[in-house]
Amino acid sequence: MIRRRAEAALVGNTIVWGATFVTVKSALADVSPILFLALRFSLATGALLAFWYGRGKGRVEPGEIRAGVLIGIFLFAGYVLQTLGLQLTSAPKSAFLTGLASVMVPLLAMFVYRNKPQVSELLGILAATAGLGLMTLEGPLGSIGRGDLLTIGCALAFAAHIVTLGHYSEKMRFEMLSVSQVGTAAVLAVSLFWWVEPAHVVWRPGVLFAVLITGLLATAVAFTVQAWAQHYTTSTRTALIYTLEPVFAWLTSYWIIGEGFSRRAAVGAALILGGVLLVELKPLNLWSHPSK
């Protein structure tokens, strides 16, 4: 079934993003974050233009460009707000608050596009969110500071990205949506990095490797895969699948740098996996939305 293949491809995205977490974290010691995004998205844009336009994908429709620009704005806003918020809050809290995008997606889809989620999807998201909290938070959320508000804004932007991409991927070519959204993020990053933060870079091998692996695999390939896959599955299911990212980041950190994990984190990972399985097995479809 095509939907199963699409969702398996989205799982592949989470594996890539989770596996590159350690690489990016190490590289950011030698390059400022927004400049890193500018390099990452610029490389991805160049690769996508060379790949797709070299294969003659036909006339570019203005509607595809407009849709891609809107999607790209949400995508870049998510990355920037996450980066700025992380400077003012803890990494565990940032990871948890960013993960709240999975809760926001069905709400946005319902209010903006009238897509009613299934009961199994809602319960799966709640289970995955609880698991995310166990994996990332060492204590209660506590007071909400400016960094937390920025990170909540990041979650909202990522949710809007998933919902908007899901809406337009139903009727537009995924190749054009991929190029235009990544290109928009690149333009914004190049335009903003020089005044958002003091830009600096030390061209060590780790930085070059991080730019290459994130630009080509974690951006050009991953967001093309997402644009294709969301034609065949719902935004809510996409958001739930993406809660697997910290699980793969956690496993990668353990395998590569030997970073240990607690029993609480293991329970959290099990809850995330359980939430995904709950949606895949669909034992509680008491009402439904148009399925893809």
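**Exercise 1.** Is α11 largely enclosed by the rest of the structure or largely open, and how many of its residues are buried?

*Solution.* The model under study is predicted.
Step 1. List the buried residues of α11: they are S235, T236, R237, T238, A239, L240, I241 and Y242.
Step 2. Eight of the eight residues of α11 are therefore buried, so α11 is largely enclosed by the rest of the structure.

**Exercise 2.** Determine how α8 and α11 are arranged, and which residues meet.

*Solution.* Step 1. Helix α8, residues 146-169, packs against α11 at an angle of about 140°, and the two axes are 9 Å apart.
Step 1. Only angles over 145 degrees count as roughly antiparallel. The angle therefore makes α8 oblique to α11.
Step 2. The crossing of α8 past α11 is right-handed.
Step 3. From α8, I162, V163 and G166 meet S235, T238, A239 and Y242 of α11. Sorted by class, this contact comprises four nonpolar, three polar and no charged residues.

**Exercise 3.** Describe the packing of α3 against α9.

*Solution.* Step 1. Helix α3 covers residues 33-53 and helix α9 covers residues 174-196; their axes lie 8 Å apart, at an angle of about 150°.
Step 1. Because of this angle, α3 is roughly antiparallel to α9.
Step 2. α3 passes α9 in a left-handed crossing. Their contact has 21 nonpolar, four polar and one charged residues.

**Exercise 4.** Which residues of the largest nonpolar core touch the most other members?

*Solution.* Step 1. This core has 57 residues, of which F41, L75, Y79 and F223 touch the most other members. The helix that gives the most to the core is α3, with nine residues.
Step 1. Take L75 as an example. Apart from neighbours within four places in sequence, L75 is in contact with F41, F158, H161, Q181, A185 and F223.
Step 2. There is also a second, separate core of six residues, including I71, L165, Y168 and A227.
Step 3. As background, nonpolar side chains in soluble globular proteins tend to be buried together.

**Exercise 5.** Where does Y232 lie, and is Y232 buried, partly exposed or exposed?

*Solution.* Step 1. Y232 is found in the loop between α10 (205-229) and α11 (235-242).
Step 1. The relative accessibility of Y232 is 24%, so this residue counts as partly exposed.
Step 2. Y232 and E170 are 62 residues apart in sequence, yet their C-alpha atoms are 8.1 Å apart in space.

Key:
Residues are numbered from 1 along each chain as its sequence is written. This is a predicted model: local features need pLDDT of at least 70, side-chain atom pairs count only at pLDDT 80 or more; totals for chains, interfaces and linings use all residues. Side-chain values use heavy atoms; hydrogens and water are left out. Axes are lines fitted to C-alpha atoms, for helices over the stretch in contact, and angles run from 0 to 180 degrees between N-to-C directions. Helices (H or I, at least four residues) and strands (E, at least two) are DSSP runs, numbered from the N terminus. Angles under 35 degrees count as roughly parallel, over 145 as roughly antiparallel, 65 to 115 as roughly perpendicular and the rest as oblique. A crossing is left-handed if the near helix is turned anticlockwise from the far one by less than a right angle, and right-handed if clockwise. Ala, Val, Leu, Ile, Met, Phe, Trp, Tyr, Cys and Pro count as nonpolar, Asp, Glu, Lys and Arg as charged, and the others, Gly among them, as polar. Buried means under 20% relative accessible area, exposed over 50%, partly exposed in between (1.4 Å probe, protein chains only). A nonpolar core is a set of buried Ala, Val, Leu, Ile, Met, Phe, Trp, Tyr and Cys residues joined through side-chain atoms within 4.5 Å. Contact means heavy atoms within 4.5 Å.
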